Amino acid sequence: MTAPSDTETPPIHILWINAGLSCDGDSVALTAATQPSIEEIALGALPGLPKIAVHWPLIDFDNGPVGSNNDFIEWFFRADRGDLDGPFVLVVEGSIPNEKIKPEGYWCGFGNNPDTGQPMTTSEWLDRLAPKALAVLAVGTCATYGGIHAMAGNPTGAMGVRDYLGWNFKTPAGLPIINVPGCPVHPDNLSETILYLLYQAAGSAPMIPLDAEGRPTWLFGNTVHEGCDRGGYYEQGQFASEYGQPECLVKLGCWGPVVKCNVPKRGWINGVGGCPNVGGICIGCTMPGFPDAFMPFMDPPPGSRVSAGGSKAYGGVIRRLRDITMKKVDKEPRWRSNGRELTTGYRKPW
C-alpha cells in the first residue's frame with residue numbers, strides 16, 4: 001500500500017499478525033462482516049473515519065524483496081523502528097505459545113529478522129510492537145484467552161495476548177488490551193470494535209467500555225440465553241430431547257444461560273444464523289474458560305437438571321394459565337356479525 005504524500009493526513013495503520021497458534025478462522029470470518037464491512041472501513045466509506053492503511057496477511061499482495069517498499073513484513077519493522085507515518089493498531093490472531101519452555105527451535109514465528117536471517121517469533125513481535133501501539137486488539141478466543149491450543153495437557157504453554165503481556169498492560173494511549181473472543185470471532189463484533197477504536201483515535205468516541213475480561217460491554221453484556229429465540233421454551237419448561245426439535249437445547253448440552261455472547265440476537269451474517277438459531281448448542285466459545293470448563297460438549301451443563309426441573313414445574317403452570325388466556329383472546333368478539341341490530345354496545349350521544 002502506497003504511503004500518503006506530505007500534504008495528506010497521516011493514516012492510522014492496522015498491523016495484523018496472524019502468526020499465533022491459529023486456524024486463521026478469525027481473518028476469514030471478518031471477510032463476512034456487513035455492519036460495517038471491512039471494505040467500508042478500509043476505503044473510508046463511513047462518515048468521520050480517519051484514513052487507514054491495512055496490513056493484513058489475508059489480503060495484502062505485497063511480496064517484494066526484504067526491506068523494499070513492496071515487502072509486507074517491512075511495515076512491521078517500520079513500526080518497530082518508529083518509521084511509520086502515523087500511529088498503528090496492532091491486531092493479534094492466534095494464541096501465544098511460551099517460547100521460554102522451548103530449549104531449541106520455536107513454536108511459531110512471523111517473518112525473518114534481516115540481521116540474522118532467523119525467524120522472528122510471535123512473542124518477540126509482541127514484545128517489540130505492543131508497547132508502541134495505539135491499541136492492541138486480540139481477536140478470536142485463541143488470542144484472547146488461549147482457546148483450543150491452551151487446553152490442559154498442551155505442550156506449548158499457549159495463552160492469550162493479555163496473559164502474555166500482563167492484565168495490567170496499557171498502551172501509550174492508556175488503552176488496555178481489547179479482547180473480542182469467539183471461535184471464530186463474530187464478523188460484525190470484530191468490525192464494529194475496529195470501527196469504534198478508529199473513531200476513538202479520531203476523537204469522535206469516548207474510551208471503549210470493557211468488562212473485567214477485556215470484552216466490549218455492548219457486545220458481551222448479555223448471555224446467549226437472553227437473546228435466544230428458544231428462551232421462551234425454557235421459561236415454559238419445554239426442552240428438546242434430540243437435535244432438530246424447536247424447544248430449548250439446555251438438556252442437550254447448551255451452555256447459553258451462562259455464556260456471554262450476542263450471536264443468537266445478532267445472527268451470523270446479515271442477521272441470519274447463529275448457533276442456537278440453526279439448532280446448535282452453545283459450547284461457550286467466547287468465555288475465558290473455553291474449552292476446558294465446557295467439556296464434554298454434548299453433556300448437559302452442571303446444574304441444568306435443577307434449573308430445568310424447576311422450569312418444568314412452574315413452566316407447566318404458566319402454560320396452563322396462558323392456554324386459558326389464549327383461548328379467550330383467540331376468538332373474535334360476538335358483535336362482529338352480519339345482522340340488523342348494532343350489538344357493539346354503542347350508545348347514541350343524543
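How far apart are the centres of the rings of Trp 255 and Phe 294, and at what angle are their planes?

Modeller: First, the ground rules. This is a predicted model, where local features need pLDDT of at least 70 and side-chain atom pairs count only at pLDDT 80 or more, while totals for chains, interfaces and linings use all residues. Residues are numbered from 1 along each chain as its sequence is written, and side-chain values use heavy atoms, with hydrogens and water left out.

Searching the whole structure turns up eleven aromatic pairs. A pair here means rings of Phe, Tyr or Trp (its six-membered ring) with centres within 6.5 Å; planes under 30 degrees apart are stacked, over 60 edge-to-face, and the rest tilted. Your pair is edge-to-face because the planes of Trp 255 and Phe 294 stand at 80 degrees, with the ring centres 4.8 Å apart. The two residues are 39 apart and link distant parts of the chain: Trp 255 is in the loop between helix H10 (231–235) and helix H11 (263–266), and Phe 294 is in the loop between H11 and helix H12 (304–329). Helices (H or I, at least four residues) and strands (E, at least two) are DSSP runs, numbered from the N terminus. Buried is under 20% relative accessible area, exposed over 50%, and partly exposed in between (1.4 Å probe, protein chains only).

Elsewhere, ring pairs tie Phe 72, Phe 76, Phe 77, Phe 110 and Trp 125 into a cluster. The charged end of Arg 78 sits over the ring of Trp 75, 4.4 Å from its centre, and Lys 102 lies over the face of Trp 107 at 5.0 Å from the ring centre. For that, NZ of Lys or CZ of Arg must be within 6 Å of the ring centre and within 35 degrees of the ring normal.

As for nonpolar cores (buried Ala, Val, Leu, Ile, Met, Phe, Trp, Tyr and Cys joined through side-chain atoms within 4.5 Å), the largest has 33 residues, and Leu 30, Leu 137, Leu 190 and Ile 194 have the most contacts inside it. Helix H7 (residues 187–201) gives the most to this core, seven residues. Leaving out residues up to four places away in sequence, Ile 194 touches Ile 14, Leu 30, Ile 41 and Leu 137, where contact means heavy atoms within 4.5 Å. A separate core of 29 residues includes Trp 75 and Leu 90.

Last, the cysteines: there are zero disulfides, counted as cysteine sulfur pairs within 2.5 Å. The sulfur of Cys 248 is too far for a bond because its closest cysteine sulfur, in Cys 254, is 6.4 Å away. Cys 248 is buried at 5% relative accessible area, whereas Cys 23 is exposed at 69% relative accessibility.
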